[in-house]
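Subject: Structure handover and notes

Dear colleague,

Here is the structure we discussed. Please look it over first; my notes on what was found come after it.

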Amino acid sequence: MAARRPRSHAGLRLRIAAVAGVAVGVVLTIGAILLVGLLRSRLHNAAETSANLRAQDVAALAAASSLPRQLAFPGEESGFVQVVDARGTVLASTENMQGEPAVAERQPVGDGPAPFTLNVVALGDAKQMRVVAINADTPTGPVIVYAGESLEGANDTIHAVSTLLALGLPALVGLVGGVTWWAVGRTLRPVRAITATLAEITASDLHRRVPAPSSRDEIGQLAT
C-alpha cells in the first residue's frame, strides 16, 4: 500500500489564511449589518422627533384658535405640516403643500402621536418622509395635524456608509488573509528547514543534526 503523500506547507498556509479570512469576513459583515441598522434607526428617530415637535407646536396653535392659513417654520424646505378636519378638508398647511389634498387618511388613536413613513408625491420625486399624526381639539371641532420630516439626508448618509463598508470590507478581509499567509509562512520556516535536513540525512550520515530554532514552542520541541 502506497504511503499517503504529506500535504505541502503552501496548502496548509492557504487553508489557514482562508479560514482566517472567512471568519473575519463573517464577523465584519454581521457588524456592518448591525451598524447600518443602528444608524438607520437613529437617523429615522431623529427625523421623527423633529416632526413630532413640529406637530405638537401646530396642535397647540390650533387648540388656541391661533392657526394661520399658511404655516411657516425654520427649515421648512425639509418638511411640511398639514392640518385636516374630520371631513378630510385641509385647513392649513405650509407653503410647499398649498393646494394639495390631505397627505394621508391615517387617524391616530388617542392623544399620542402616530408615526409612519410616507412617500409624498406633492414634494416632487415621491420624497420619502417620516410623518407624525396627532389629534388636536379646537373650538370648531377636532383636527388632525400631519407633520413630516424628509428622510433624504438620512438615506443619503446610510447609502454612503453602506457603500464605504461594501468597498472596505473585502479589502480588509484580503489584508487579514495576506497577513495570515505571511505569518503562517514565517512560523513554518523552521519546519521547512527541519524537513530539508531530514531528507538529506542517510544511514551513513547519522551525525548530522536538524537545525534547532531558538524558540521553545512546539516547533522547538520537534527539532529537539
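**Salt bridges and charges**

Arginine 87 is exposed, with a relative accessible area of 73%; here exposed means over 50%, buried under 20% and partly exposed in between, with a 1.4 Å probe and protein chains only. Its salt-bridge partner is aspartate 85, at 3.3 Å from N to O, and aspartate 85 counts as buried at 11% relative accessibility. A salt bridge is taken as a side-chain nitrogen of Lys or Arg within 4 Å of a carboxyl oxygen of Asp or Glu.

Before going further, the ground rules. The model is predicted, so local features need pLDDT of at least 70 and side-chain atom pairs count only at pLDDT 80 or more, while totals for chains, interfaces and linings use all residues. Residues are numbered from 1 along each chain as its sequence is written, and side-chain values use heavy atoms, with hydrogens and water left out.

The structure holds 4 salt bridges. One of them joins arginine 54 to glutamate 149, with the closest N and O atoms 3.0 Å apart. This pair links distant parts of the chain, since arginine 54 is in helix H1 and glutamate 149 in strand S6, 95 residues apart. Helices (H or I, at least four residues) and strands (E, at least two) are DSSP runs, numbered from the N terminus. Arginine 54 is buried, at 11% relative accessible area, and glutamate 149 is buried too, at 13%.

Another salt bridge is formed by lysine 127 and glutamate 152, whose closest N and O atoms are 4.0 Å apart. Lysine 127 lies in strand S5 and glutamate 152 in helix H2 (residues 152-200), so this pair ties together parts that are 25 residues apart in sequence. Lysine 127 is partly exposed at 22%, and glutamate 152 is partly exposed at 43%.

There is also a charge over a ring: the charged end of arginine 106 sits over the ring of phenylalanine 116, 4.2 Å from its centre. The rule asks for NZ of Lys or CZ of Arg within 6 Å of the ring centre and within 35 degrees of the ring normal.

**Nonpolar cores**

The largest nonpolar core has 16 residues, and those with the most contacts inside it are Val58, Leu71, Val81, Val83, Ile134 and Val145. Two or more residues each come from helix H1 (9-63), strand S2 (79-85), strand S5 (127-138) and strand S6 (141-150). H1 gives the largest share, 5 residues. A second, separate core of 13 residues includes Phe80, Val103, Val120 and Val131. A core here is a set of buried Ala, Val, Leu, Ile, Met, Phe, Trp, Tyr and Cys residues joined through side-chain atoms within 4.5 Å.

Leaving aside neighbours within four places in sequence, valine 83 is in contact with residues including Val58, Leu71, Val90, Ala92 and Val145; contact means heavy atoms within 4.5 Å. Leucine 67, in the loop between H1 and S1, is partly exposed at 26%. The C-alpha atoms of leucine 67 and valine 83 are 9.2 Å apart, for a separation of 16 residues in sequence.

Which strand holds glutamine 82? Glutamine 82 is found in strand S2, and at 0% relative accessibility it counts as buried. Its side chain reaches the backbone oxygen of proline 101 at 3.0 Å, and a polar atom of that side chain lies 2.9 Å from the backbone nitrogen of valine 103.

Alanine 92 is in strand S3 (residues 90-94) and is buried, at 1%. Beyond residues up to four places away in sequence, alanine 92 touches Leu67, Pro68, Arg69, Leu71, Val81, Gln82 and Val83.

**Serine 65**

Serine 65 is found in the loop between H1 and strand S1 (70-71). Phi of serine 65 is near 55°, a positive value in a residue other than glycine. Most residues other than glycine have a negative phi. At 53% relative accessibility, serine 65 counts as exposed.

Regards

Key. Polar contact = N/O pair within 3.5 Å; in protein donor to acceptor, adjacent residues only side chain to side chain.
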